[in-house]
Amino acid sequence: MRSQAERPGAATTSYGIVAAAWLVTVVFYFYQYSMRSAPAVMVPELTSAFGLSAVGVASLVGLFYFGYAPFSLVAGVALDQLGPRKVVPLGAASVAIGTLLFSMGDPTWGSVGRFMQGAGGVFALIGAVYLVTNFMPASRAATLIGVTQMFGMAGGSAGQFVVGPLIAGGLAWDRFWFLMGLAGIPIAVLLFLLMPRQQKRPQGASGVGLGPALKAMGTVFINPQSILCGLIAGLIFIPTTIFDMVWGVRFLQEGHDVSYEMAVLRSASVPFGWIIGCPLLGWLTDRIGRRKPVIIGAALVLGGTLALILYGPRSVFPPYSLGLVAGIASGAAMIPYTVIKEANRPEHSGTATGVINFLNFTLSALLGPVFATLLFRAAAGAPTPALGHYQAAFSPLLAGIALAIVLTFLLKETGLGAERPVALPAQATS
């Protein structure tokens, strides 16, 4: 792992400037994540406004991930080639414009806007991780990446915990999206003013252009450790992105007869748990110098908690406890973001983050409609889905978590406490 002195911008960029840029970037991450999760608390309003069924709204909302996943690769390569100042502000502007388009209530423009939110939103996480791994101390990488995700999940929680009561209190859904679109403009401006330039190309980096970009992506993709990292992160993350953020409120309303207001608060406890779990688990893995034990332990807790949420007896546990514990445990999905950077060459820093984000959210993009279809097939003939229908549709999530644990055993340990370093793929000559 690189020391602070070895990092590309460490010697030429003020740490204070980088810290300020990172802080605004994580605020951008908070902002885009709140836009990502907000539809979960206004499904009836969106169904009526866009003239779509609940499945149609789920597909419309899921377009976020069809922008987010492929543009992960674009963002990672662009950061490596052009530096953060030339790309991250454009991502924030894209989210702002996409949010304004979504507020129009037109299915076509809403689809374009939702795609733009995902395509631009990906620059928040990848940009923040790029700053951490290229300008900040390597010994704190997992901790700072966890703090970054903490801000994101705080936005996810706000998108439900704050927005839900606002909508229930009479705020029109379209006005909410319009105001949030306007709020994204100053974020983009601040990012442009504060983001450091890429003052020094990393040693061994190839040139700028499509050819070097494809070469860098190929180098990362052919590393089996990269694929493992993406699959592990995605399988641990899906219970949050699909089950909680899309169906969590309706699951509690229809499966457990919980009021809308209480369902919003209980669903928001999952991303609130991430606020705790991401920095906590990141700090723990930095503290012990190992990644795999923390991933496996947290995944076991997540699987057990999800099983209790789906099948456990009602009213045995305090209302917010299971969601909170599940959120804390699922924070382990961010640890592979550190592993993939340690398992690939330093000059592919941004590209590695882009690849894992692509793999992670491709799973969400592809499986979101699948779970929606499973639910409505299970509930065929019923006026609304019942608890048994949700159990039948979402029980495969438990198998996914079990698979993530198995794959983690195949992952090479990259922490500072590992007995020997991971062998990096050889750098091809041009």
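**Entry 1: H3 and H9**

I began with the crossing of H3 and H9, which is right-handed; a crossing gets that name if the near helix is turned clockwise from the far one by less than a right angle, and left-handed if anticlockwise. A note on what I am looking at: this is a predicted model, where local features need pLDDT of at least 70 and side-chain atom pairs count only at pLDDT 80 or more, while totals for chains, interfaces and linings use all residues. Residues are numbered from 1 along each chain as its sequence is written, and side-chain values use heavy atoms, with hydrogens and water left out.

Helix H3 covers residues 54-82 and helix H9 residues 210-221; they pack at an angle of about 115 degrees, and their axes are 10 Å apart. Axes here are lines fitted to C-alpha atoms, for helices over the stretch in contact, with angles from 0 to 180 degrees between N-to-C directions. The helices themselves are DSSP runs (H or I, at least four residues), numbered from the N terminus.

Next I asked which residues of H3 meet H9. From H3 I found Leu 73, Val 77 and Gln 81, and across from them in H9 Pro 212, Ala 213, Met 217 and Phe 221; contact means heavy atoms within 4.5 Å. By class, the H3 and H9 contact has 6 nonpolar residues, 1 polar and no charged. For the classes, Ala, Val, Leu, Ile, Met, Phe, Trp, Tyr, Cys and Pro are nonpolar, Asp, Glu, Lys and Arg charged, and the others, Gly among them, polar.

**Entry 2: H11 and H13**

I then turned to H11 and H13, whose axes come within 6 Å and cross at roughly 40 degrees. H11 passes H13 in a right-handed crossing. On the H11 side I noted residues including Phe 272, Trp 274, Ile 276 and Leu 281, and on the H13 side residues including Leu 324, Gly 327 and Ile 328. The class count for the contact of H11 with H13 is 8 nonpolar, 6 polar and no charged residues.

**Entry 3: helix H12**

I looked up the span of H12 (residues 292-311): its 20 residues reach 28 Å from first C-alpha to last, close to the 28 Å expected at 1.5 Å a residue. The expected span is 1.5 Å times one less than the number of residues.

Which residues of H12 are buried? Among them are Lys 292, Val 294, Ile 295, Ala 299, Leu 302, Thr 305, Leu 306 and Ile 309. Buried means under 20% relative accessible area, exposed over 50%, and partly exposed in between (1.4 Å probe, protein chains only). The buried residues of H12 pack against several helices, including H10 (224-256), H11 (260-288), H14 (335-342) and H17 (396-410).

**Entry 4: salt bridges**

How many salt bridges does the structure hold? I count 3, a salt bridge being a side-chain nitrogen of Lys or Arg within 4 Å of a carboxyl oxygen of Asp or Glu.

Arg 250 pairs with Glu 254, with 3.1 Å between the closest N and O atoms. Being 4 residues apart in helix H10, the two are separated by about one helical turn. Arg 250 is buried at 15% relative accessibility, and Glu 254 is partly exposed at 25%.

Arg 291 meets Asp 286 in a salt bridge at 3.0 Å, N to O, and both of these residues are buried. Arg 291 also has a salt bridge with Glu 342, at 2.5 Å, N to O. That pair links distant parts of the chain: Arg 291 sits in the loop between H11 and H12, Glu 342 in helix H14, 51 residues apart. Glu 342 is buried, as is Arg 291.

Ser 103 is in the loop between helix H4 (88-102) and helix H5 (107-135), and at 12% relative accessibility it is buried. Leaving aside neighbours within four places in sequence, Ser 103 touches Trp 173, Asp 174, Trp 177 and Phe 178.

Asp 257 lies in the loop between H10 and H11. Its phi is positive, about 55 degrees, although Asp 257 is not a glycine. Most residues other than glycine have a negative phi. Is Asp 257 buried or exposed? Asp 257 is exposed, with a relative accessible area of 66%.

Leu 397 belongs to helix H17 and is buried at 4% relative accessibility. Leaving aside neighbours within four places in sequence, I found Leu 397 in contact with Ile 238, Pro 239, Phe 243, Leu 306 and Phe 371.
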